[in-house]
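Here are my notes on the ligand site and the pocket in this one. Have a look at the model before reading on.

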Amino acid sequence: MNPKPPKAKTTSDTPTASFVVVANRLPVDRIENEDGSTDWRTSPGGLVTALEPVMRKNEGAWVGWHGAPDEVLQPFEDAGILLVPVPLSAEEVEEYYEGFSNATLWPLYHDVVAHPEFHREWWDAYVRVNQRFADQTAAVAEQGAVVWVQDYQLQLVPQMLRAQRPDLKIGFFLHIPFPPTELYQQLPWRNQILEGLLGADLVGFQLPGGAQNFVRLVRQRLHYQTHRDRINTPEGRTVLARAYPISIDSQGMADLATSPAIEARAAEIRRDLGDPKFVFLGVDRLDYTKGLPERVQAFGELVSDGSLDPEEAVFVQVATPSRERVDQYRILRDDIDRLVGRINGDIGRIGRPPITYLHSSYPKDEMAALYRAADVMVVTPLRDGMNLVAKEYVACRPNEDGALVLSEFAGAAKELRQAYLVNPYDIDGMKGRLLEAMNDSPRSKTRRMRILRRQVFDNDIDRWATLFLDDLASPTA
Ligand code: GDG
């Protein structure tokens with residue numbers, strides 16, 4: 001892999017590194033021990049899950065917010081990674097993170113499935129915080145270092161960093177969809193964000209469609225010359241815009257899922273659920289892009305119209321708490337609570353509820369056990385950059401059984417063609433697909449799962465990072 005494993009090292013009192021990841025959050029959460037001391041623990045989430053193995057291999061530095069507002073921390077090392085905390089004030093958390101990132105960009109980039117809010121003071125905070133991330137990165141990157149900036153919260157960093165450090169190789173990867181040009185144009189700061197991204201040498205997207213949307217916008221709005229995936233900037237640089245579908249540590253996940261302890265736990269989960277014939281499972285951050293109400297509705301209707309016997313089939317939905325201070329997320333949480341309560345209440349019998357709803361986050365082991373316990377994995381986002389849960393489920397099926405119901409609007413659907421694909425807006429269609437996935441013959445399920453597994457094991461997180469970093473190292477390839 002390029003770059004060759006560099007070591008974080010300390011020169012005078014400023015630690016520096018030749019490989020630097022920049023992301024909104026550091027990959028750790030602070031936990032308090034019983035004796036009152038504190039430790040750092042790897043935090044869950046798509047980005048962290050994706051980059052942790054790459055970082056460990058490269059022994060680089062990670063620049064990001066540590067999660068506590070109004071606190072300044074010095075760089076520290078954890079599990080071989082140099083962590084460089086970027087401070088945020090409480091007001092910046094509100095305006096840059098909850099505001100511009102999660103109430104403006106997130107809904108806008110996800111097909112406006114929720115209404116994006118545009119506020120000038122949120123934008124000002126976004127610019128200010130992006131500048132701070134760029135400054136911190138400039139201070140920690142060695143001469144000629146490779147810097148990999150992550151995601152929608154930091155789209156101005158490439159340009160800000162290049163202005164100070166033209167010696168750096170700068171890559172950017174967007175984990176969420178890059179929207180169609182018609183939607184993107186709503187953004188009052190549309191040109192600034194395009195220019196921000198163009199500070200990178202390589203801009204990566206989940207899907208070719210996202211890269212094409214970006215190139216088209218650059219041509220239309222900035223009038224730069226473009227040729228396929230290449231953009232020529234007025235100052236004579238070439239920027240590449242390409243797709244790199246993200247993946248998971250497939251073998252790591254598979255090893256975990258086949259350990260005796262996880263197999264035993266999976267059996268125990270099924271027993272606790274009353275040993276039903278079929279376990280349906282959903283695992284998502286509680287987010288309005290993930291299509292939870294539609295999915296729960298579809299399952300509820302299957303039970304109420306008699307297509308599914310709740311003695312035979314149960315649904316387990318894990319909804320990991322997320323962005324709880326953003327209004328839209330609070331509303332969603334209440335909506336789901338009500339919906340699940342109504343469906344479980346309507347069944348009107350004593351016994352286990354058809355839907356087990358868990359608003360909680362779990363250790364990775366428990367996730368693996370849930371994947372092993374599930375006969376039908378239901379991944380039905382309204383829009384999703386990729387969706388790692390779908391790939392994790394596939395990696396956790398060593399016996400080539402189980403069925404994946406997958407939304408056409410998840411990036412993963414472009415690769416996982418053998419899943420039972422659905423349009424999550426079509427409740428009747430979804431009901432049909434859930435039944436089909438459940439009732440399909442074991443032979444057909446195995447045939448599909450075998451092909452899915454080949455895809456997920458051939459294209460793992462290592463390959464994703466290697467392809468991106470190799471292209472960044474030699475952009476003419
Ligand atoms: C963004 C994009 C893109 C979830 N709950 C728990 C837990 N998780 C883990 C899952 C999975 C990850 O979090 C979620 O990843 P997703 O890809 O499904 O979704 P986002 O969080 O929205 O991620 C997405 C991704 O970035 C990567 O580019 O695929 O499209 O939206 O790994 O297993 N992990 C643990 N406990 C939980 O309760 N341990």
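This is a predicted model: local features need pLDDT of at least 70, side-chain atom pairs count only at pLDDT 80 or more; totals for chains, interfaces and linings use all residues.

1. The shell around the ligand has 24 residues, and His175, Thr320, Tyr362, Asp384 and Glu392 are the closest. By class, that shell holds ten nonpolar, nine polar and five charged residues.

2. A polar backbone atom of tyrosine 362 sits 2.4 Å from a ligand nitrogen. For the ligand's oxygen atoms, there is a 3.0 Å distance to a polar backbone atom of glycine 385 and a 2.9 Å distance to a backbone N or O atom of asparagine 387. As for cover, the ligand alone would expose 730 Å², and the protein buries 92% of that.

3. Which elements give two or more residues to the shell? They are α1 (46-58), α12 (364-373) and α13 (388-395). Domain 1 (10-246 + 462-473) and domain 2 (250-459) both contribute to the shell, so the ligand lies between them.

4. Now the second largest pocket, with about 270 Å³ of space. It has 22 lining residues, and nearest its centre are Pro177, Phe178, Leu207, Gly210 and Arg383. Helix α7 (residues 208-222) supplies the largest share of that lining, four residues. Eleven of the lining residues are nonpolar, six polar and five charged.

5. Where does the second largest pocket lie relative to the domains? Domain 1 and domain 2 both give residues to its lining, so this pocket lies between them.

Conventions
Residues are numbered from 1 along each chain as its sequence is written. Side-chain values use heavy atoms; hydrogens and water are left out. A residue is near a molecule or strand if one of its heavy atoms lies within 4 Å of it. A polar contact is a pair of N or O atoms within 3.5 Å; within protein, one must be able to donate a hydrogen and the other to accept it, and residues adjacent in sequence count only if both atoms are side-chain atoms. Accessible areas come from the Shrake-Rupley method with a 1.4 Å probe; for residues, only the protein chains shown count as cover. Ala, Val, Leu, Ile, Met, Phe, Trp, Tyr, Cys and Pro count as nonpolar, Asp, Glu, Lys and Arg as charged, and the others, Gly among them, as polar. Domain bounds come from an automatic or database domain assignment. On a 1 Å grid over the protein atoms alone, a cavity is a set of points where a 1.4 Å probe fits but cannot get out, and a pocket is an open set with protein on both sides within 12 Å along at least five of seven lines; lining residues have an atom within 4 Å of a point. Grid points are joined across faces, edges and corners, and a volume is the space filled by probe spheres set on the points.
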